[in-house]
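Try each task before you read its solution.

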Amino acid sequence: MSERPPITLRDLAAIDVAQLRGVGDKKRTALAAFDVHNVLDLVTNYPRRWVDRTNEARIADLVPGEEALVLVTVRTVTKRMTRNRRTMVNVQVGDGSGRMHVVFFNQPWRERQLKEGLQIALYGKPDTYRGGLQMANPIVDLIGDRTGRIVPIYPQSEKVQLTTWEVASFVEEALRRCAERGIADPVPVEVTDRLDLMARGQAFASIHAPESMREKEAARRRLAFDELLRVQLVLVLRKRELERTSRGIAHEVDGELVQRFLEALPYPLTGAQRRAIAQIEVDLATPQPMHRLLQGDVGAGKTVVAVSTLLAAVQGGHQGALMAPTEVLAEQHATGVRELLGELRVPDPGNLFGDRPLRVELLTNRVTGAERKDVLAGLADGRVDIAIGTHALIQEGVEFSSLGAVVVDEQHRFGVEQRAALRDKSGGHVPDVLVMTATPIPRTAAMTVYGDLDVSVLDELPPGRTPIVTKWANGPMLEAEVWADVRHEVGEGRQAYVVCPLIDESEKLEVASAEETFQRLSNDELKGLRLGLLHGRLTPAEKEMTMSLFRSGQLDVLVATTVIEVGVDVPNATVMVILDADRFGIAQLHQLRGRVGRGSHESMCWLVTQEHDGGNPRVEALVASTDGFELAEVDLDLRGEGTLMSTMQKGRSDLKLASLRRDRQLVAKAREAAFEIVDADPGLEQHPVLLDELDLLFTDEDEDFLAKS
């Protein structure tokens, strides 16, 4: 072994790929097309798959209709034009067990790519054709004559003339030159031993040239852990830094006001609500500012927990603020919170009567003139206890006397700057922040996307919430039953929503529009009923008028776009009809469904789609479950974590090997390890290589996101 220190990732990032044998100007340009510029880029340009040559599928073993991977040799290649001027490349391939016909449509370059005698791996679905087997447009990986038990397949490009075996040889050369000094492993040995992780240097070698698929998976697990640990370390460092440097308020959590509020509720708290309130009170009692995420399924009782948090600030002489993404939602929150609070009074020893009325005010851009002046004066001198509003709460000219607690509803609709501005209104100290979301997030994703927040979960529904039956209307025949259901419910004195994805008609997307649907239903399926129309292009006054008519029962059916997704609460509405439901994501469908089932009557949600011959996993998931957390896991499996990690910059901090779906346990272990490392060494002075990796692999934008997400 060399006396020089092991090679770090920064060392690798400083070596241009052109320094490797075989990488001239042409190959350097070709590698750059895959965003590979230096040796670190190269060794973290992992194979997209591995072919196990010890367990090769043979042509003789292929079953028509079943997808398979098969290794074959090209026998002949011909190209011709079809009658409709499409190119068709015909390839005869074979192995020791038989022959197969492969056809490529509109891929003329295959004639140049697939030369006679070339070894390739084909992945596709074989069918029978003229008595033999045929694959149409399969995925092709060029194997070349590479030997070995496991062959790595890298992203390759005919356009820039870069083959998988060339990439493999460059990686092999890079790792060979690293071997003498070895690759630095900055993860504490007690962590790698406890989690049974292989050494990093070995993992790099084994991911690119494994002796077995089992060894490849062990290497992937180690390198995936490193990716997750880096993300968690940044989140945990930011969290601990916020706790260390921010001056907060140690609230009086055992005061009388919160107790009065909870005792006055007409129903008992669920176990989940009691748990969440207890967790929040522990945070509030410390001088470090709370930074907590409250996850609750639709109707799980988040508002009660939020109000309890705000009242904890008020009973200590401070103020609370609830910030919502839209004026409609802010106004609805104001109405709901006032109803919840009833005649609640604040204990006040200085008052002649021993207590005083609790003052709750709404502040949106619609609050103007003398009313606005009065609210602003009350916030500045402390006479307003709780402010409920939109981004108007953080505009210039709004000052709080002593802002003690902030609840941000539907966090994903707010930018980082808006939440930071709300904290800046607090008069010198950092208020306690509770972020509420009604979009359940899988636990592993919450640890990663919201990793600098503590998490409380409401996973029980309060008593009295009626179950929602969800049905799928697959095509026009079943749609008739939908409108019959709506008519029946209206006849029983109840109301319905009809949700459409677009405002204007779009032939291209073939989805219903709210305006077209409103006209059709008014003149046909729901003729004679009182219909209202709600969409984003109406003025605020028009929206409020329509909602007021619907809330008061003067409209039977509300035809709307997704503006009703959050916050709309009409207990008398018992039917939700979602048109073109397959155009929506699972989380959005679940949110929309949650607009019904809020009263004492059984409710129904109809998911209407164009006729499907096969299944529809998203719609079927909604029919099968009303559990938002279960649906969130299904959503993660269906869509992948790209949607959850999309807030992060698309740079080298992307998760290349780690998967929030596949590595659920590894995410939790990485988070535990991050806390263990940071709490033992807050500045990472004992882990300079690890600290250097964070500096190297996270851009400023990543750090900004990770610090404030």
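The protein has 24 helices and 24 strands, and the model you are looking at is predicted. Of its 709 residues, 53% are buried. Among the contacts with a separation of 6 or more, 73% join residues 24 or more positions apart.

**Exercise 1. Classify the pair formed by the rings of Tyr 497 and Phe 550.**

Solution. Start with the distance: the two rings are 5.1 Å apart, centre to centre, and rings pair if their centres lie within 6.5 Å. Next take the planes, which make an angle of 55 degrees. Planes under 30 degrees apart would be stacked and those over 60 edge-to-face, so the rest count as tilted. The pair of Tyr 497 and Phe 550 is therefore tilted. By this rule the count comes to 1 aromatic pair.

Now place the partners. Tyr 497 belongs to strand β20 (residues 495-499) and Phe 550 to helix α18 (residues 540-551), so the pair ties together parts 53 residues apart in sequence. Tyr 497 has 0% relative accessibility and counts as buried; Phe 550, also at 0%, is buried.

**Exercise 2. How do the axes of helix α8 and helix α23 cross, and which residues meet there?**

Solution. The axes of α8 (residues 213-245) and α23 (residues 688-697) come within 10 Å and cross at roughly 95 degrees. Angles of 65 to 115 degrees count as roughly perpendicular, so α8 is roughly perpendicular to α23. From α8 come Arg 230, Leu 233, Val 234 and Leu 237, and they meet Leu 690, Glu 693, Leu 694 and Leu 697 of α23. Sorting these residues gives 6 nonpolar, no polar and 2 charged.

**Exercise 3. Which ring does the charged end of Lys 216 sit over?**

Solution. Look for the ring of Trp 50: the charged end of Lys 216 sits over this ring, 4.5 Å from its centre.

**Exercise 4. Is Val 43 buried or exposed, and what does Val 43 touch?**

Solution. First locate the residue: Val 43 lies in helix α3 (residues 39-43). Its relative accessibility is 1%, and buried means under 20%, so Val 43 counts as buried. Then list its neighbours, leaving out residues up to four places away in sequence: Val 43 touches Leu 12, Ala 174, Leu 175, Phe 204 and His 208. For one more distance, go from C-alpha to C-alpha between Val 43 and Val 167: they are 9.9 Å apart in space and 124 residues apart in sequence.

Definitions and conventions:
Residues numbered from 1 in each chain as written. Predicted model: local features only at pLDDT ≥ 70, side-chain atom pairs only at ≥ 80, totals over all residues. Heavy atoms only, no water. Phe/Tyr/Trp six-rings, centres within 6.5 Å; stacked < 30°, edge-to-face > 60°. Helix = DSSP H or I, 4+ residues; strand = E, 2+ residues; numbered from the N terminus. Buried < 20%, exposed > 50% of the residue type's maximum accessible area, 1.4 Å probe, protein only. Lys NZ or Arg CZ within 6 Å of the ring centre and 35° of its normal. Axes fitted to C-alpha atoms, helices over the stretch in contact; angles between N-to-C directions. Parallel < 35°, antiparallel > 145°, perpendicular 65-115°, else oblique. Contact = heavy atoms within 4.5 Å. Nonpolar A, V, L, I, M, F, W, Y, C, P; charged D, E, K, R; others polar.
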